[in-house]
Amino acid sequence: MTIVIIIIFVLVVIALMIYNLSLYKRIQAFKVQNDRFTNLNILQDFINIVGSDFSVEKKINLINEAIVEKFQIKYSTIVVFDGTDYVVKSSNVSKDHWETLRKLHEVDIFSDSIQTANPKYITVNNNNERLIYQEKEFDRAKSAIFFPLYIDNVYLGYWIIESGVPHDFDNIDTVIFETVKENIVAILKTMDYQKILENIVRKDLFTGLKSAEYLYGDGKKIIDQYTTSAICMFRIGNIEEINKYSRQLGNKVIKEVSKNVQKNISESYIFVRYIGPKFVIVFSGVEANHVFDFINEIKESTENLKISLIKNGKRNEEIDLKTKKQKRRVKKAEKIEVSPSLNFAVATYYKGTGIEEVLKKMENYLDEANSKESKINNI
């Protein structure tokens with residue numbers, strides 16, 4: 001009887017061990033799936049941030065906030081090398097310590113990490129020690145992982161995460177953070193292009209209007225507040241003919257046309273000089289079929305303008321054949337008066353699509369149209 005009880009007990013223990021092992025495997029599998037799900041969520045967060053209408057600086061801060069929140073990291077700092085200086089782009093560390101974080105590339109252990117492009121993990125054994133790079137922040141961080149940032153062998157800077165607990169990152173899955181690092185690199189590169197775009201927006205000297213680049217940056221933020229918008233591009237069709245008379249008169253025509261259009265449209269609409277004699281009006285949130293009457297009014301009032309220029313008379317030196325003496329003749333001043341001829345193209349822009357593609361299509365249409373054409377076309 002005792003033997004039977006012992007056998008049953010052993011079988012129960014074995015069954016519990018098998019069950020516990022199975023449960024452990026399930027928990028581990030669930031943990032792996034959960035980590036993957038977390039990574040996908042973080043990646044989606046990054047994609048959403050990059051695709052948002054925020055400024056470059058705001059995007060970097062949002063990325064860093066997402067890292068801290070999703071991974072429950074105490075401190076996270078992104079430092080970028082701009083070619084001459086190291087700049088702290090985002091950090092949840094007190095600004096009192098930014099100067100130290102900005103100079104981590106000077107610390108030997110991190111300098112080697114940059115040279116080899118490999119991450120470096122450092123920690124202390126107890127709370128009485130401090131990390132090698134710390135100066136006046138003795139109690140703040142006790143372990144850290146340093147990630148150099150590269151893209152196509154081009155050095156961008158570094159990312160460092162820190163904890164106030166010794167050996168806190170000993171068992172962390174560094175593969176996850178390598179994935180995050182690669183996403184930071186990709187985002188920094190993407191935002192570098194955005195920064196360039198934001199900086200090349202200029203004011204046109206003749207008209208005082210913003211340049212076409214405005215439509216791809218700050219302008220697009222306004223446009224994308226609506227699902228659809230009407231985009232109108234027009235060209236001064238007879239500008240080449242006017243320039244033959246006088247380049248000065250051609251410049252005056254461009255100024256007067258832009259001035260007349262600008263005073264006739266609402267400030268809520270976007271009006272830019274696209275290139276040369278081409279201009280763009282964006283009617284944000286307005287259907288294309290609702291702008292034709294308004295555009296026609298603008299077209300008529302602009303084409304009714306009489307733009308003139310006085311050309312000064314020229315002095316000619318001639319020799320009188322009878323007296324053999326020079327005499328001057330002054331040609332009278334000449335007044336040139338012209339009216340602009342405008343050719344319009346209208347299209348619908350849908351939020352989230354490529355506005356540059358819509359503009360290119362309109363530009364090609366206007367460039368290929370007959371120079372004498374003066375219409376409003378929906379394309």
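**A helix and a sheet**

Modeller: Happy to! Helix H2 covers residues 56-71, 16 residues in total, and spans 23 Å from first to last C-alpha, close to the 22 Å expected at 1.5 Å a residue. Helices are DSSP runs (H or I, at least four residues) and strands too (E, at least two), numbered from the N terminus; the expected span is 1.5 Å times one less than the number of residues. This is a predicted model, where local features need pLDDT of at least 70, side-chain atom pairs count only at pLDDT 80 or more, and totals for chains, interfaces and linings use all residues. Residues are numbered from 1 along each chain as its sequence is written, and side-chain values use heavy atoms, leaving out hydrogens and water.

Colleague: Which residue follows H2, with a positive phi?

Modeller: Its phi is near 55°. The residue after H2 is Gln 72.

Colleague: Which are the edge strands of the open sheet of six strands?

Modeller: The order is E6-E8-E9-E7-E14-E15, with mixed pairing; two strands pair if DSSP finds at least two bridges between them. Each edge strand pairs on one side only. They are E6 (210-211) and E15 (376-378).
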